[in-house]
Amino acid sequence: AERHEVKVLKHKQAKSPYSFSKSRTKTRYMLIQRFAKLFFGCLAAVTSGMMYAVYLSTYHERKFWFSSRQELEREITFQGDSAIYYSFYKELLKAPSFERGVYELTHNNKTISLKTINAVQQMTLYPELIASVLYQASGSEEVIEPVYFYIGIVFGLQGIYVTALFVTSWVMSGTWLAGMLTVAWFIINRTDTTRIDYSIPSRENWALPYFACQVAALTGYLKKSLNCSAEKFCYLLVSASTYTFMMMWEYSHYLLFVQAVSLFLLDSFALAQTEKVYEVYKIYLFSLFLGYLLQFENSALLVSPLLSLVAALMLSKCLQMNMKKGTFMSRLLKIMHIYLVLTITVTLNFLLKMFVPHKENEHLLKFIEVKLGLNTTKNFTMNWLLCQESLQAPSQDFFLRLTQSSLLPFYILVLIICLFSVTQVIFRRICGEPLKETVKLEDGRIGERPEIVYHVIHTILLGCLAMCLEGMKYLWTPYVCMLAAFGVCSPELWMTLFKWLRLKAVHPILLALILSMAVPTIIGFSLWKEFFPRIMTELSELQEFYDPDTVELMTWIKRQAPVAAVFAGSPQLMGVIKLCTGWMVSSLPLYNDDDLIKRNENIYQIYSKRSAEDIYKILTSYKASFLVIEDSICNEVGPVRGCRVKDLLDIANGHVVCEEGDSYAYSKYGRFCHEIKMNYSPYVNYFTRVYWNRSYFVYRINTVISFQS
């Protein structure tokens with residue numbers, strides 16, 4: 001027996017080196033495989049972002065012929081608020097030092113007549129501050145023109161945006177094929193995923209790439225099977241991107257509020273680790289506190305619903321530390337927990353608004369009231385905003401475009417499967433069944449993955465907003481692309497579906513793996529065949545954007561107008577005048593300040609049925625010396641009657657008479673913009689025409705003492 005034991009021991013000793021070597025080889029092979037997958041996935045993500053940035057740059061060049069334009073013609077392509085943002089970037093570069101430039105922006109009295117503003121705070125000019133620092137610190141003055149550097153940064157951020165969406169879909173599905181499909185859908189539906197075509201310097205084009213990075217990091221952070229190093233990296237990335245996002249866009253805290261609601265619901269149904277969720281809440285609090293200090297004590301952050309919700313969640317956690325114990329009473333208390341949080345949030349927000357002086361959000365609340373039909377108004381600005389296309393309900397064309405690219409059908413399919421799976425998981429949790437530590441492919445329980453549940457809730461909430469306001473589609477559609485691509489590329493989603501169908505003819509795991517490769521491949525080829533030729537044609541076509549009338553107007557102002565002149569006209573045109581000439585204006589296309597809103601309403605009266613004396617008094621009260629009448633507004637023939645500027649002014653001024661169901665504008669005075677062109681008294685007593693072309697009429701405001709009728 002002893003001899004037999006010795007033989008067995010010797011046999012094991014002889015066998016162990018071979019087994020150890022085989023195990024080592026297998027481990028090495030798995031490491032190489034993982035490294036190769038990670039390397040090629042990262043390479044594909046970065047390449048996708050770079051190619052998208054190059055695509056945007058090429059398309060922009062083809063559309064505006066930037067390289068062959070003079071500086072004035074390039075600047076005219078920036079319209080409305082975009083012109084204002086870029087004009088401040090120019091001023092920073094012209095300043096003798098960066099510190100002096102920042103001081104002039106924070107104490108700006110050279111933009112709007114009779115008004116000193118903190119432009120950095122009021123217009124969230126942190127992107128321009130960063131761009132100017134990078135331009136000067138990198139020594140780019142001798143290499144690239146300021147305008148190319150500026151738009152290059154924005155296009156680069158859009159590349160990061162696409163890369164972040166790629167990574168998010170990849171992390172969720174486990175395959176970078178999902179990332180490729182996300183990018184393809186994003187570019188094909190570019191009309192509905194981004195506003196970069198219409199307004200390059202807009203705040204969301206600077207901010208949303210950081211939010212996409214935050215969502216990608218949050219997706220990884222919420223995953224169950226995550227090692228310590230990866231979890232710390234994701235946490236740091238969430239922290240940095242959350243704060244940066246908040247600094248880049250004045251309305252960022254509203255989008256973070258929607259995200260916080262998603263996390264709150266995720267935690268309320270015990271579908272995620274509570275500790276992780278509350279760590280994200282702490283990041284919100286830190287970002288709000290730091291943002292409040294660095295944004296010149298921005299009171300809008302103190303009265304934001306995000307702060308009230310996070311504070312309520314923290315308070316409720318302190319009050320109910322021992323709530324989750326698996327008993328029937330604890331499940332009832334879970335429902336009470338939701339009610340408690342909502343009650344504290346509303347109460348706290350109400351108290352903050354009572355004691356914290358704020359004006360920034362009042363116009364937004366009034367707009368929501370009117371939009372929801374809770375109130376009616378004749379206010380010009382409110383009705384003008386309601387008439388904007390971005391604030392209307394989405395059109396049928398929007399859904400048709402998403403359907404033609406096959407995005408909407410697959411998104412609905414993925415959303416339905418995920419929702420049913422999440423509902424099953426919630427029901428199991430109510431019945432007391434614990435969540436599995438690790439969800440395997442054969443389990444078919446995609447609804448138990450917290451990052452998936454978060455994205456389902458998040459896209460539903462953003463989708464509800466997009467169904468109310470078309471402008472919200474730019475927040476929703478990118479994540480529709482990501483979720484749909486993840487779903488069709490995820491074997492777990494197909495396995496979840498096959499578990500319900502109870503397939504027996506074919507092995508469900510094998511079929512799920514095949515479909516997760518075959519379906520996205522077929523979609524990719526069909527998209528390539530149908531849309532790639534269109535994209536190439538779009539890039540090869542030379543479009544023409546030329547506005548000779550505006551160029552002539554700006555040239556005349558720079559050559560003929562006195563340096564101390566103040567111009568009055570529509571806010572959109574005033575933004576362009578400020579950028580192209582540097583002259584002072586009486587109003588700007590901004591709607592976050594009560595005084596500017598009132599100025600815009602008053603100066604828009606040049607298109608109303610008011611007397612020459614009334615208009616003269618309004619203009620001289622703002623020290624305006626020149627008036628610019630736009631023929632496109634004066635003779636506007638809008639597609640929707642009642643949404644033209646002159647119609648809205650007639651309603652606000654009470655110049656509308658209703659007879660037999662029809663509305664008529666009535667006043668004892670003619671429309672000012674028409675009457676002033678006739679050159680008869682009393683108009684010639686107050687205004688002298690000094691320049692005109694096909695689109696614009698410029699009048700000098702006379703310095704008279706007595707008014708003549």
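Visitor: Thanks! Is Cys-643 buried, partly exposed or exposed?
Guide: Cys-643 counts as partly exposed, with a relative accessibility of 26%. Keep in mind that this is a predicted model.

Visitor: And what does Cys-643 form a disulfide with?
Guide: Its partner is Cys-387, and the two sulfur atoms sit 2.1 Å apart. The link is left-handed, with -75 degrees about the S-S bond.

Visitor: Which parts of the chain does that pair tie together?
Guide: Cys-387 belongs to helix H18 (residues 380-387), while Cys-643 is in the loop between helix H29 (631-634) and helix H30 (645-652), so the bond ties together parts 256 residues apart in sequence.

Visitor: How accessible is Cys-387?
Guide: Cys-387 is partly exposed as well, at 21% relative accessibility; the cut-off for buried is under 20%.

Visitor: OK, how many disulfides does the count come to?
Guide: Two. The other one joins Cys-634 to Cys-673, with an S to S distance of 2.1 Å. Cys-634 is in helix H29 and Cys-673 in helix H31 (residues 672-675), 39 residues apart.

Visitor: What's the handedness of the Cys-634 and Cys-673 link?
Guide: Right-handed, with 85 degrees about the S-S bond.

Visitor: Are Cys-634 and Cys-673 buried or exposed?
Guide: Cys-634 is buried, at 1% relative accessible area, and Cys-673 is buried at 0%.

Visitor: Which pattern do the disulfides follow along the chain?
Guide: Counting bonded cysteines along the chain, the pattern is 1-3, 2-4.

Visitor: Switching topic: is Cys-418 buried or exposed?
Guide: Cys-418 counts as buried, at 1% relative accessibility. Cys-580 is buried too, at 3%.

Notes: Residues are numbered from 1 along each chain as its sequence is written. This is a predicted model: local features need pLDDT of at least 70, side-chain atom pairs count only at pLDDT 80 or more; totals for chains, interfaces and linings use all residues. Side-chain values use heavy atoms; hydrogens and water are left out. A disulfide is a pair of cysteine sulfur atoms within 2.5 Å. Helices (H or I, at least four residues) and strands (E, at least two) are DSSP runs, numbered from the N terminus. Buried means under 20% relative accessible area, exposed over 50%, partly exposed in between (1.4 Å probe, protein chains only).
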